[in-house]
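Please read the report below alongside the sequence and the structure.

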Amino acid sequence: MPHPKAINKINTLKQNSIYLLPNSFTIAALFCAFYAITESMHDRFGTAAAAVFVSMLLDGMDGRVARWTNSQSAFGEQLDSLADMVSFGVAPALIVYNWQLYQFGKLGYGIAFVYCACAALRLALFNTLIGKIDKKWFIGIPSPTAAALMAGLVWLDQSVDGLGGSGAWALLITLFAGLSMVAQIPFWSFKEIHVKRKVPFFGMILLVLAVMVLALKPALVLFTFFLAYSLSGYVMYGWRKWKGLDTAVAGMYVDAAAEKTADEADNQSAQETQQP
């Protein structure tokens, strides 16, 4: 029989262990953000912007990998949140500052910090609202969307050899992206889309066309998409206000038990749809 001290030591090691696979994606996303910052210091802004988008992809994969491999952990949640702050808060702010905002002196410095602070507030708000808000909605745009908006602007400028009024665009987009993260306005989360469900054959044709357009003009397509999404919440809010409908964020709060039941029903429906 193992010695009690040996058993306690083994249990301690298990408690201090972490899951390697999902956290590897998080660390890789963090590295991309660090790489993006260093590239912007050497005036390679196109590469820096592309690195932010790669960080977005890796950030979107770590949670899914954790769920697929049943390796979720509190450690992973905390690491992911800290990495997000660097990837979608610090990195975009520094890239845009090194690209254009520096020329505005204290104004540019201040707006870059406003974006960074709003990203921190958005991430803290997201962590406190998990399980309390209807999964169909985000309150304010997600920090990856804000980062994509800024990185997309930089990438677009680099792809066309300079936009007219790049400095003014940088000021406007940075301030808009930052404030939109903390705006108390609902944005559709796309979580109602179930990729496991069958779709008409025409849907595959649309997907092929979308990939082709993205391949032809990636910077323009990505910036346009994220800008349209960032404006969609305001358009919907204005439309509901004009129609006299309820626009209060409080209506987005749901009961956690009811949300769990709805998730189980959606999963069962998806499984039934897959059956021949």
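Ser-230 counts as buried because its relative accessibility is 0%; buried means under 20% relative accessible area, exposed over 50%, and partly exposed in between, with a 1.4 Å probe and protein chains only. Ser-230 belongs to helix H9, residues 218-243. Helices (H or I, at least four residues) and strands (E, at least two) are DSSP runs, numbered from the N terminus. Leaving aside residues up to four places away in sequence, Ser-230 touches Ile-141, Thr-145, Leu-149, Phe-176 and Phe-187. Contact here means heavy atoms within 4.5 Å.

The model is predicted: local features need pLDDT of at least 70, side-chain atom pairs count only at pLDDT 80 or more, and totals for chains, interfaces and linings use all residues. Residues are numbered from 1 along each chain as its sequence is written, and side-chain values use heavy atoms, with hydrogens and water left out.

**The chain as a whole**

The protein chain has 10 helices and two strands. Along the sequence, these elements follow the pattern α-α-α-α-α-β-α-α-β-α-α-α. Of the 276 residues in the protein chain, 37% are buried. Among contacts with a separation of 6 or more, 82% are between residues 24 or more positions apart.

**Helices H6 and H7**

Helix H6 covers residues 143-159 and helix H7 covers residues 166-182; the two pack at an angle of about 170 degrees, with their axes 9 Å apart. Axes are lines fitted to C-alpha atoms, for helices over the stretch in contact, and angles run from 0 to 180 degrees between N-to-C directions. H6 and H7 are therefore roughly antiparallel to each other. By the cut-offs used, angles under 35 degrees count as roughly parallel, over 145 as roughly antiparallel, 65 to 115 as roughly perpendicular and the rest as oblique.

On the H6 side, the residues that meet H7 are Ser-143, Ala-146, Leu-149, Met-150, Leu-153 and Asp-157. Their partners in H7 are Ser-166, Trp-169, Ala-170, Ile-173, Thr-174, Phe-176, Ala-177 and Met-181. The residues of this contact divide into 10 nonpolar, three polar and one charged. Ala, Val, Leu, Ile, Met, Phe, Trp, Tyr, Cys and Pro count as nonpolar, Asp, Glu, Lys and Arg as charged, and the others, Gly among them, as polar.

How many of the 17 residues of H6 are buried? The number is 13, and H6 is mostly covered. The end C-alpha atoms of H6 are 24 Å apart, which agrees with the 24 Å that its 17 residues should span at 1.5 Å a residue. The expected span of a helix is 1.5 Å times one less than its number of residues. After H6 comes Asp-161, with a positive phi near 60 degrees.

Ala-170, in helix H7, counts as buried at 1% relative accessibility. Not counting residues up to four places away in sequence, Ala-170 touches Val-96, Trp-99, Gln-100, Leu-101 and Leu-153.

**Helix H3 and the loop before it**

Helix H3, residues 45-68, has 24 residues and reaches 35 Å from its first C-alpha to its last, close to the 34 Å expected at 1.5 Å a residue. H3 is followed by Asn-70, whose phi is positive, near 55 degrees. Asp-43 lies in the loop between helix H2 (20-41) and H3. Phi of Asp-43 is also a positive value, near 65 degrees, in a residue other than glycine. Asp-43 is exposed, with a relative accessible area of 54%.

Leu-129 is in helix H5, residues 106-129, and counts as buried at 16% relative accessibility. Lys-136 lies in the loop between H5 and strand E1 (137-139) and is partly exposed, with a relative accessible area of 28%.

| Pair | Apart in sequence | C-alpha to C-alpha |
|---|---|---|
| Leu-129 and Ile-139 | 10 residues | 9.2 Å |
| Lys-136 and Trp-188 | 52 residues | 6.0 Å |
| Ala-170 and Ile-111 | 59 residues | 9.8 Å |

**Cysteines**

A disulfide is a covalent bond between the sulfur atoms of two cysteines. Here a disulfide is taken as a pair of cysteine sulfur atoms within 2.5 Å, and a search of the whole structure finds zero. Cys-116 is in no disulfide, and the nearest cysteine sulfur, that of Cys-118, is 9.5 Å away. Cys-116 counts as buried at 17% relative accessibility, and Cys-118 is buried with a relative accessible area of 8%.
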